[in-house]
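Biologist: I have not seen this one before. Could you take me through it?

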Amino acid sequence: MTRKQRRSVLIGGCMAVLAVAVGLVLFALSDSIVFFYSPSEVMAKELAPGQRFRLGGLVEDGSVERNRGTTVKFVITDKAKDLPVTYTGVLPDLFREGQGVVAEGMLGPDGVFQADKVLAKHDENYMPPEVAAKLKEQGLWEGPEQVSRETEPSKVN
Amino acid sequence: MIAETGHFALILALGIAIIQMVLPLYGSRRDDPQLMAVAVPAAQAQFLLVALAFVALMTAYVTSDFSILNVYENSSSAKPLLYKISGVWGNHEGSMVLWVLILALFGAGVATYGRNLPRSLQANVLSVQGAIGVAFLLFIITTSNPFVRLDPAPFEGQGFNPVLQDPALAIHPPFLYAGYVGFSMAFSFAIAALIDGRIDAAWARWVRPWTLAAWMCLTIGIALGSWWAYYELGWGGFWFWDPVENASFMPWLSGTALLHSALVMEKRDALKIWTILLAIITFSLSLVGTFLVRSGVLTSVHAFAVDPARGVFILGIMAVFIGGALALFAWRAPLLRQGGIFAPISREGALVFNNLILVTACAAVFVGTLYPLALESVSNEKISVGPPFFNYTFVPLVLPLLLAVPLGPFLAWKRGDLYAVAQRLMVAAVIALAAIVIVFAIQGRGPWLAPLGIGLGVWLIAGAASELAYRAKLFQASAAETWRRFIHLPRSSFGTALAHAGVGLSVIGIVATTAWRTEDITAMKPGETTEIAGYRLVFDGVSERAGPNYDEQLASFHVFRGDSEITELHPTKRQFTIEGSATTEAAIYNAWGGDLYAVLGDPLENGAYSVRVYFNPLVRLIWIGAVVMFLGGGLSLFDRRLRVGAPKRAAAAQGRLADAK
């Protein structure tokens, strides 16, 4: 094999692997990304039934119902629109009424969001950044920053 | 007083780092040995000063000095001592001090143990290390000062995020950072070589131990993080393709590639330019990881920083170091002379294949991690790229590499004989095929891909064993002769075999637990039973108990297999009073062939609780595999050949060794 042939084998191999990788990435991006919507956006968009998405907002006060075994019903709100949600399974530790939550799943035919994953984060004041942004847009933001700054002793130095 | 001492030490360290950055580099340009010699004491002094600052911060944590804002925000006096100590790096400011401490430690290591390096190389390496130190010390002092005081001092702290109060997570960041920052050595060596315009096999021999040590720490760090997520987050999963996990996985992938390409450079004087580029890429990915985790662009378990000033600062550091390094590379790399011609089928060819796949897979992870951020910043559209993306891209990309791993060590340098290699691997192939058939027969209605995955893991392990067997001439020579050869094999051969076998173990663990895990979510009242994977769990109810800084509800399950009771499981829910948040502690029984994993959920109506039970087959092999990889790296690290210094002195050193014998 000459030097030139060796080089073309090497370059050809690299190109082939890269082409496969680019193809896989494009296929996966078209197939497996999940969009994030607030209840208002879900109402505004005509979502195809069975399309997976993430729904974010606050758990509405007094909406959590646990009556049938491990299935839980609650309502996610962005203070403008509400969407009922059902979920079967153990909820995360910090799932609480009035707290931020992100649920992943799809809309059922009855207009109820069927979640198969619920994420609530590990901080009492945690709010999904998307929800915080939405609340800020609507002027409803009562963030933890303002609250804690009042109670905190002043910083020196 | 202690806090001010620490603060002052950090500022002094910054001054020393500036000297370390400027004078040795200038000296090496001017060929002035006195200026170059400044690098050694400067690196040592920088380390001592950063260590002093770190000890000051730790003292403040251990003595619960709430007049320091950082301690007030992240600690409380009721916290156990271990978490007071780990609290030092469980927050943004403290973890950056740890980052710089490890950086300075590596710098001091080169200064102290690098006396047989060519003088200008050592000066340039320490100068680049100094520059990184300057950037991050400036970052700490201006945006993330851990020694800010509070007046008046509060009586009690706000506590420490309860999910981080865990032994594995206490030691996870130091390992992870040792890995991240350890790759700065490879980076500094690469930049120094570019400045000198000269690079040789001795360079690779110098870089390899540092890279190997960093890679080992990163391997353990990632494994600890995964193990923690497995038992602490209560989902029973071991890897979530979370951006924070990917941030540590990307440097691991390119660092693994770097280890292998440096091997080619050391042995065959080839792939020089590529190895330099890979060293730059690997540390750049460490910086990207630091940026992702520290800037708060992600909101995830680890991301506690919310100040955009920090993000912009780290972005600036990245622009300077990555941009500067790549520009220098473009300018100087053509000066490096390439050597070592090889055929496509050869050891070098196999290692090029390894690099190609690892770097491509790393790029796929990079796209999946950063695409949502890029999309959000240009279009305001919010998306998440979850595990399916990585399963479609990363998994098919690395499969050919895993298949090829056992072939590599059998191929000869320069030109290999694939047919001869296939013959030597015949036994391993037969064992792997037998494993596939057996697993297929016993799994019943499981996914058809699972037996193939198990076969792949067995192929990796059997292939690694075959290499040792071949080299020791097992069944080709007498038993005594085989034993003599076996114990005299170089440690690096055992290292390679162990590391590759470790990958095989992890593959088996991942395949088994992904394919055959079983899950049961039920509502249970005291006295009721549930069954999973042949185990019967009897629920005894829930009792209250007080821990050091939390209250907990403790559930009791008696676990039976057949008629005999084998163990009790006590999953709990903990409420941390000071922090005002709760955690779920899963109970795990390490049964034969897998983990029985129970989580206590919320109380339901009429005294029932929701309960989640998993059976995760062979899941522990994932982390055992990582430990085996770590041990393999350790064996290679202590190989005699790596301990010898630059080759100019190698002959003399070997001469001394021979004399000593």
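Biologist: Which residue does I33(A) stand opposite in β1(B)?
Modeller: I33(A) faces V385(B) in that strand. The model is predicted: local features need pLDDT of at least 70, side-chain atom pairs count only at pLDDT 80 or more, and totals for chains, interfaces and linings use all residues. Residues are numbered from 1 along each chain as its sequence is written, while chains are lettered from A and ligands numbered from 1 in the order in which they are written.

Biologist: In what sense do β1 of chain A and β1(B) pair, parallel or antiparallel?
Modeller: Antiparallel, over three bridges, with residues 33–37 forming the chain A strand. Strands pair if DSSP finds at least two bridges between them. Strands (E, at least two residues) and helices (H or I, at least four) are DSSP runs, numbered from the N terminus.

Biologist: New topic. Is α8(B) buried or exposed?
Modeller: 24 of its 30 residues are buried, so α8(B) is largely enclosed by the rest of the structure. Buried means 20 or more other C-beta atoms within 10 Å of the residue's own, with C-beta atoms placed from the backbone.

Biologist: What comes after α8(B)?
Modeller: G197(B), with a positive phi near 70°.

Biologist: And how many helices and strands are in chain A?
Modeller: Four helices and seven strands. Buried residues make up 28% of the chain's 157 residues.

Definitions and conventions
Buried ≥ 20, exposed ≤ 12 C-beta atoms within 10 Å, placed from the backbone.
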